[in-house]
Amino acid sequence: MANIIGGTPLIRLKVIPELAPPIWRSSAFLFKCNRNPNLHKHPLLLSSYFPTIRTTRRNFSVYAKAAAAASSDGEVQVRVRFAPSPTGNLHVGGARTALFNYLFARSKGGKFVLRIEDTDLERSSKESEEAVLRDLSWLGLDWDEGPDAGGDYGPYRQSERNSLYKQYAEKLLESGHVYRCFCSNEELEKMKEIAKLKQLPPVYTGKWATATDEQVQEELAKGTPYTYRFRVPKEGSLKINDLIRGEVSWNLDTLGDFVIMRSNGQPVYNFCVTVDDATMAISHVIRAEEHLPNTLRQALIYKALGFPMPCFAHVSLILAPDRSKLSKRHGATSVGQFREMGYLPQAMVNYLALLGWGDGTENEFFSLEQLVEKFTIDRVNKSGAIFDSTKLRWMNGQHLRALSSEKLINLIGKRWKSTGILVESEGPFIEEAVQLLKDGIDLVTDSDKALSNLLSYPLHATLSSPEGKTIVEDNLSEVSSRLLTAYDSGEILGALEEGYSGWQKWVKSFGKSLKRKGKSLFMPLRLLLTGKLHGPEMGSSVILLHKAGNSGIVTPQAGFVTLSERFEILRQVNWEALNEDQPSLESAATVSN
């Protein structure tokens with residue numbers, strides 16, 4: 001004999017005996033989950049569940065036998081599930097819920113189950129299901145059981161489990177927990193209107209909860225459509241000890257009898273979920289806090305069917321910067337969108353884990369394996385987490401640069417070829433370009449702009465800018481003239497052929513001839529050779545431009561200006577006119593920008 005396992009819920013249902021069907025006839029029901037953390041390892045085999053009732057004067061406790069499905073050491077497993085609805089893309093909130101379930105299961109040596117909740121036949125699609133599975137796989141959240149993986153508790157699509165729902169609905173009908181309700185939609189709407197006028201909760205007040213067998217049979221004979229409505233105790237309360245939120249309670253008089261099967265024979269969400277979680281032996285239900293109100297209905301169904309309660313953990317919502325619920329109006333919200341934008345799966349996993357969880361240290365950089373090792377449910381915060389796209393981008397850059405050089409070069413090289421900047425995806429030029437530009441790349445897609453900027457030569461725009469004015473006025477024309485002389489003599493090309501050391505030697509000599517050094521030397525050289533005032537290390541940039549011009553690796557449409565073309569552009573600059581027209585050029589540049 002063992003307590004119902006899991007790390008929480010203390011659930012107490014108080015009812016009035018004379019108003020309750022036979023199974024409710026006790027003043028209180030107590031579901032107790034032992035808080036001993038070691039019991040997280042004990043799953044429930046519900047097919048072997050036999051309740052034992054210990055009666056006291058005003059309450060009784062329900063215990064469960066977990067006689068089978070034990071591991072080799074006699075302990076049973078933690079079993080969690082992620083149950084998406086295939087009606088759209090996988091939202092980052094859903095992805096985080098899946099991640100927390102995955103981490104909890106892996107940290108406890110348990111099972112991570114994927115179940116598809118596709119009872120909304122009009123909105124569900126095979127395409128959406130495939131997209132959700134693809135996104136989960138991309139994140140690295142492999143599941144142990146599911147539609148494509150199989151398992152002992154299938155089928156794993158709700159649409160394939162209708163016979164099971166009907167079986168348990170009939171069981172509830174026979175036990176008196178459920179009754180047939182023949183109310184029309186008009187009657188139900190009238191009840192809602194009356195409740196609204198009286199400022200009362202919209203609870204069911206129809207006659208079918210107390211109808212006689214004769215009245216029911218009469219409607220059945222007429223062929224009147226009916227729903228299955230669950231009989232809720234009129235007084236009392238429910239308390240659970242949520243693993244994240246602590247004690248949560250509801251009054252039963254706010255609920256009213258609720259439908260579990262529609263008139264078309266289709267089961268309602270809360271009924272499906274309860275039957276699925278129970279018959280799949282789910283030990284811990286970790287889900288979004290928006291499902292917290294559903295717990296009351298589900299707890300009543302668990303009790304009525306004699307199923308042991310799982311432990312509940314309701315994760316806070318992910319919020320936008322304005323603290324509203326994150327939605328499409330705030331930008332990208334689906335995992336697929338972030339993948340297409342160039343984010344890495346390991347960065348997404350790392351960032352999502354930190355939305356409401358931390359290991360208690362200042363560390364923010366985790367691999368999936370490290371998260372499994374560090375994760376505990378008691379460190380999940382119950383407050384809403386702000387989704388910061390800037391921080392996500394920063395974190396992606398950290399993970400990108402943490403890749404091995406081989407992986408990073410391969411990733412970016414393929415990107416440059418696929419976007420039509422380069423004609424090849426590998427080779428010395430690509431290796432050197434990645435090493436030079438990687439610090440300015442947070443997303444793989446950033447690499448396009450980084451390389452294009454390097455290859456471009458916006459000399460005239462820079463000369464015309466307010467920032468360029470100071471350098472122009474520092475006798476830039478003289479530096480340009482001497483630079484052209486060095487190029488025409490072959491000095492520059494000879495230095496570039498020698499590599500970085502040859503370049504450094506030439507720059508030092510060039511500076512001495514101009515009696516310039518430091519910023520007064522390097523800023524004019526950078527502007528004249530790259531066309532820009534800022535960028536990656538100048539010497540490496542110029543050497544790379546030289547190699548690009550010699551190798552033919554850059555495609556014609558990439559907008560590459562070779563070194564020889566740059567010197568020809570320098571020859572055409574009218575420095576006198578530039579100095580005279582500086583104010584008007586500045587204004588033109590401002591208007592253009």
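In this predicted model, the side chains of Lys-547 and Glu-432 come together in a salt bridge with an N to O distance of 2.7 Å; a salt bridge here is a side-chain nitrogen of Lys or Arg within 4 Å of a carboxyl oxygen of Asp or Glu. The pair links distant parts of the chain, as Lys-547 belongs to helix H21 (residues 538-551) and Glu-432 to helix H13 (residues 428-437), 115 residues apart. Helices (H or I, at least four residues) and strands (E, at least two) are DSSP runs, numbered from the N terminus. Lys-547 is partly exposed, with a relative accessible area of 33%, and for Glu-432 the value is likewise 33%, again partly exposed. In these terms, buried means under 20% relative accessible area, exposed over 50%, and partly exposed in between (1.4 Å probe, protein chains only).

Residues are numbered from 1 along each chain as its sequence is written. Local features need pLDDT of at least 70 and side-chain atom pairs count only at pLDDT 80 or more, while totals for chains, interfaces and linings use all residues; side-chain values use heavy atoms, with hydrogens and water left out.

By the salt-bridge rule, the count comes to 28. One of them joins Arg-81 and Asp-277, whose closest N and O atoms are 2.9 Å apart. Arg-81 lies in strand E5 (residues 79-82) and Asp-277 in helix H6 (residues 269-279), so this contact ties together parts that are 196 residues apart in sequence. Both Arg-81 and Asp-277 are buried. A further salt bridge brings Arg-157 and Glu-129 together at 2.8 Å, N to O. Here Glu-129 sits in helix H2 (126-139), and Arg-157 is found in the loop between helix H2 and helix H3 (162-175), 28 residues apart. Arg-157 and Glu-129 are both buried. Salt bridges with shared partners also join Arg-81, Arg-115, Glu-117, Arg-161, Asp-276 and Asp-277 into one network.

Turning to the strands, an open sheet of three strands has the order E7-E8-E11, with antiparallel pairing; two strands pair if DSSP finds at least two bridges between them. Strand E7 (178-181) and strand E11 (258-261) stand at the edges with a single partner strand each, so one side of each is left without a neighbour in the sheet. From one strand to the next, the twist averages 45 degrees, where axes are lines fitted to C-alpha atoms and angles run from 0 to 180 degrees between N-to-C directions. Strand E7 and strand E8 (residues 227-230) run antiparallel and are joined by four bridges, and Cys-181 stands opposite Thr-227 in E8.
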